[in-house]
Number of protein chains: 2
Amino acid sequence: MEQAYSRIEHQGLKDRVVSAEVAASWIQDGMTLGLSGFTRAGDVKALPHALVERAKNEVTFKVDVFTGASLGSDIDKIFAEAGILRKRLPFQADPTMRKKMNEGEFLFVDQHLSHTSEMLRANTLEQIDVAVIEAVGITEDGMIIPTTSVGNSLIFAENAKEIIVEINQAQTESLKGVHDLYSPGKQGERQPIPLTKPEDSIGTKGIPVNPDKIKGIIFTNQPDSPSNIVPPDAETKMMANHLIDFLKNEVKKGRLSKSLAPLQSGIGSVANAVFHGLLESDFEDLKVYSEVLQDAVFDLIDAGKVSFASGCSITLSEDKMNEVFGHFDRYKDQLVLRPQEISNHPEIIRRLGLISINTALEMDIYGNVNSTHVRGTNMMNGIGGSGDFARNARLAIFVTKSIAKDGKISSIVPFVSHVDHTEHDVDILVTEQGYADLRGLAPRQRVELIIKHCAHPMYREALMDYYQSALEKGGHTPHDLEKAFSWHSQYEKEGTMQPLVTV
Amino acid sequence: MEQAYSRIEHQGLKDRVVSAEVAASWIQDGMTLGLSGFTRAGDVKALPHALVERAKNEVTFKVDVFTGASLGSDIDKIFAEAGILRKRLPFQADPTMRKKMNEGEFLFVDQHLSHTSEMLRANTLEQIDVAVIEAVGITEDGMIIPTTSVGNSLIFAENAKEIIVEINQAQTESLKGVHDLYSPGKQGERQPIPLTKPEDSIGTKGIPVNPDKIKGIIFTNQPDSPSNIVPPDAETKMMANHLIDFLKNEVKKGRLSKSLAPLQSGIGSVANAVFHGLLESDFEDLKVYSEVLQDAVFDLIDAGKVSFASGCSITLSEDKMNEVFGHFDRYKDQLVLRPQEISNHPEIIRRLGLISINTALEMDIYGNVNSTHVRGTNMMNGIGGSGDFARNARLAIFVTKSIAKDGKISSIVPFVSHVDHTEHDVDILVTEQGYADLRGLAPRQRVELIIKHCAHPMYREALMDYYQSALEKGGHTPHDLEKAFSWHSQYEKEGTMQPLVTV
Ligand SMILES: CC(C)(COP(=O)(O)OP(=O)(O)OC[C@H]1O[C@@H](n2cnc3c(N)ncnc32)[C@H](O)[C@@H]1OP(=O)(O)O)[C@@H](O)C(=O)NCCC(=O)NCCS
Ligand SMILES: CC(C)(COP(=O)(O)OP(=O)(O)OC[C@H]1O[C@@H](n2cnc3c(N)ncnc32)[C@H](O)[C@@H]1OP(=O)(O)O)[C@@H](O)C(=O)NCCC(=O)NCCS
């Protein structure tokens, strides 16, 4: 306990320590909470559970929950099960929450991850009543030092009426110094963001707050949930190889140097596989400017391939977590964690000219991408930062397996059932079949490339048939709207997109 | 003629004057041309006509034509008719060109207007063989002074192997000094763009070029094509009023001051009507940070409502043109013309927190917007800058009349037939019926607002019926994919989207 208290260096705050139950009792029905946490890292672990307990005794108790991105520690699950949510934003990735949301049990607002902070600052989202932020500690002058993610914590703390801090003793104190907190200030009054390289440090080492706003401090001692990433398999390795081939070609053409350009990659197994693939490539002095730093980034640092990585969270598998946080000082000089507003800022993304790699659910023959909605209807996770990156990056790359559900679904379809990334924003498509480079191509030129290089062979003919019948109608982007969603409709009825054999 | 020569202040360039025919003879089959011109302003007027003449004697003669945006002087029309185009980008707005493109006669690449320059710089579009740029004159040190638009002229000049200049005597020399040419340089090597207010001047007064690159100079004497804007009618006035009501409300809520935020508006009659509406409002000290400066901007400057306007072209009706360019010194201190890369730069759009107003063809019940494709197939004009603005602005507003073709088409549909602006990027929808404020709302919340406030009464019930049947299927964004495009299909077959009366 004494050790825990030593993490509160600010003398006046030591007497604010309370139990999670007491803190939970402060939360009123109808409040808006801003919780730290981004992709299972740095989320607050005690208060959410206490809140669910507390709500059991209330007739009506609902809150709006804003976060950085998805949470670990089963928080989104228990929130959804307890039915205490009115609104949730801007991202989630929990199966139970997904189910309840799709049943319409609560409202989910799917936002670009760089947008939430602007809306809070502009007062177009409701004000945060209570920000709840996981911390390594609080400095003498009252700065909150975040843990393994920054996410939206800075703007939540700025915007909130009150703050509750969870000091998590399971998070190593050597995280101190890895954060770089910069707030751009109000639109119209702000200066350029003075960041021109991933390694630039432009802000403070913690979240500066008025200590009076800190209403309570809770001690916890629980590691982050490990990432549920699966190691590269044959298919993700093939996708990684195609992508690396593409990048090698860009180097050969003189468009990129051997250190490429700062890399952003979405979470997931393909992204991880791509980064693994870089280990054996002859690219060198790579830099990462991304949201989530996954296992492979640390392998690349170990191998001397990546010289610097900027992120807004560190999300690792169990083994890697022990390894990295057991020797965190080893990595500290090569890492920085920033607010998601800065990791995903259009200004920086365009300036640095990022290579951005994100995963799609489905793509269509013209290069439109669906990242979020299964059959246009059911939300999977959310758009996350993929839109911030795809619109503004140097290279917007989308990857997906060419088929899903044992081939019953083609991920290349005539018309995507929801558009998250328009044809204007999508440069390169990659599947295990190959890649299609769509830059500077007109719609009719894209079709053949996508079908030939990305679609699964079992669907190529049917895609070509669709295109041929659309071509008869003509147009800049030939479509036959009567058949555009027929693949999705057939799947719904027959359980497969494969052409039905007529007897 | 002497007067014309006096516009070439650089001594060594005076002997490069040639006829348009001679210059046209330099253009080879297969070349890529970068032509000045943005929304009918500042386009080169002689060489394109000479080129078409020349091509009449060639068996095969095709070129790629890159511009800022749409051209005037019938150039896109004669290019399309002559069949000399292989590829055209990034925007056009000519009916003949539209028709030929939709018939597949040439390739059109529809790009965000801020993207072309990055692609040229990164060497992912083919290099410009010849840049052809309209100028007021050439300075002693060889700077080309553009005329009524800047568009992509700076990057074309930088990127091109050779440059042909058209000095247009019909363009007033008092345009000198109104331009501000800034090139951000290569991605990854560039500094922040040092612009924090619309009136900041950050570059040079002309396009700096190596005079050796200037292969020829043509004299012309022909005004820009006037804009074909129609004056506000009852409906556009209603739309303007709704939009102004919305803005007033934002001021009331303390989210905006009386000088709002820098305004961007797309070209067209609604945008012009909105700006006209501002004349009678009590907003003050307004600033414009836009692409095209239309008639109303000058009325607002005259009325003392707008204190500064930054654009990348000046496109006026015939009367206004005479008035403005007859007394251009009157406006010069309150105007600047920039490259479209800067007027549309995500860095600046986000920093300044623009209010962006663009026109949609159709919108769906969840707030997705189609700006380009009629029935998902036929290209109208292109996405233009609307995507640069909508993704990164403080407020992304889209306007459209609720019906088209005498009510046979509802512009609010179950599912847009092409997505240019996703639900994540669209804040406010406006029709003559009212406005829907979609910020921070989940999809199911948006539907009722859009149907109630934006759809035409004659389509509200049918839209609600669609939504109800979709709701039975559930989901975060309820859709019935079998019926999603049924309105478009019915229009194609029956000539109307209105519910058919079954006897
Ligand atoms: C798109 C996304 C859902 C893919 O996730 P993933 O875990 O890599 O992909 P998987 O291949 O495992 O697919 C996930 C599920 O979708 C299903 N699926 C995949 N393609 C599908 C398709 N075209 N149609 C329907 N379902 C599909 C899979 O079968 C799997 O289902 P299961 O959960 O029942 O097994 C995920 O990357 C995402 O949410 N992206 C959007 C946010 C984003 O890009 N973030 C990065 C920047 S922040
Ligand atoms: C969307 C856009 C085409 C609207 O243009 P506009 O001239 O203001 O609109 P109009 O109402 O006159 O409509 C133009 C035509 O489309 C038709 N139309 C309008 N809505 C339609 C719909 N939902 N379905 C089919 N046709 C439709 C009109 O009937 C009209 O047809 P016509 O030319 O045969 O008379 C135009 O604003 C545009 O190209 N926008 C995209 C680029 C952009 O936003 N630029 C601004 C920033 S750069």
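This is a predicted model: local features need pLDDT of at least 70, side-chain atom pairs count only at pLDDT 80 or more; totals for chains, interfaces and linings use all residues.

Biologist: How many salt bridges over all chains does the rule give?

Modeller: The count is 79. One of them pairs Glu423(B) with Arg446(B), at 2.9 Å from N to O. Glu423(B) sits in the loop between β24 (412–413) and β25 (428–431) of chain B, and Arg446(B) in helix α16 (residues 443–453), so the bridge ties together parts that are 23 residues apart in sequence. Helices (H or I, at least four residues) and strands (E, at least two) are DSSP runs, numbered from the N terminus.

Biologist: Are Glu423(B) and Arg446(B) buried or exposed?

Modeller: Both residues are buried, where buried means under 20% relative accessible area, exposed over 50% and partly exposed in between (1.4 Å probe, protein chains only).

Biologist: Give me a pair in chain A. What do Glu341(A) and Arg121(A) form?

Modeller: Their side chains make a salt bridge, 2.8 Å from N to O. Glu341(A) belongs to helix α13 (residues 340–343) of chain A and Arg121(A) to helix α6 (residues 115–121), so this pair links parts that are 220 residues apart in sequence. Glu341(A) has 4% relative accessibility and counts as buried; Arg121(A), at 16%, counts as buried too.

Biologist: And which salt bridge does Arg351(A) make?

Modeller: Its partner is Glu347(A), with N to O at 2.6 Å. They are four residues apart in helix α14 (residues 346–352) of chain A, which means about one helical turn separates them. Arg351(A) and Glu347(A) are both buried.

Biologist: Switching to the ligands. How many residues surround ligand 2, and which are the closest?

Modeller: There are 20 around ligand 2, the closest being Glu291(B), Leu361(B), Met380(B), Asn381(B) and Lys405(B). A residue is in that set if one of its heavy atoms lies within 4 Å of the molecule.

Biologist: Which polar backbone atom is 2.9 Å from a nitrogen atom of ligand 2?

Modeller: One from Leu361(B). A polar side-chain atom of Asn381(B) lies 2.7 Å from an oxygen atom of ligand 2, and an N or O atom in the side chain of Lys405(B) is 2.8 Å from a ligand 2 oxygen atom. On area, ligand 2 taken alone exposes 970 Å², and the protein buries 71% of that, using Shrake-Rupley with a 1.4 Å probe.

Biologist: And ligand 1: which residues are the closest?

Modeller: Glu291(A), Leu361(A), Met380(A), Asn381(A) and Lys405(A), out of 20 that surround ligand 1. A polar backbone atom of Leu361(A) is 2.9 Å from a nitrogen atom of ligand 1. Oxygen atoms of ligand 1 are 2.6 Å from a side-chain N or O atom of Asn381(A) and 2.8 Å from one of Lys405(A). Ligand 1 exposes 960 Å² taken alone, of which the protein buries 71%.

Biologist: Now the backbone. Where is the peptide bond cis in chain A?

Modeller: Between Leu89(A) and Pro90(A), with omega about 0°. Pro90(A) is in the loop between β3 (85–89) and α5 (95–102) of chain A. In chain B, the bond from Leu89(B) to Pro90(B) is cis with omega near 0°, and Pro90(B) lies in the loop between β3 (85–89) and α5 (95–102) of that chain.

Biologist: What about phi of Thr39(A)?

Modeller: Near 55°, a positive value in a residue other than glycine. Most residues other than glycine have a negative phi, and most peptide bonds are trans. Thr39(A) is in the loop between β1 (32–35) and α3 (47–55) of chain A, and is buried at 8% relative accessibility. For Thr39(B), phi is near 50°, and this residue is buried at 7%.

Conventions
Residues are numbered from 1 along each chain as its sequence is written. Chains are lettered from A and ligands numbered from 1 in the order in which they are written. Side-chain values use heavy atoms; hydrogens and water are left out. A salt bridge is a side-chain nitrogen of Lys or Arg within 4 Å of a carboxyl oxygen of Asp or Glu. A polar contact is a pair of N or O atoms within 3.5 Å; within protein, one must be able to donate a hydrogen and the other to accept it, and residues adjacent in sequence count only if both atoms are side-chain atoms.
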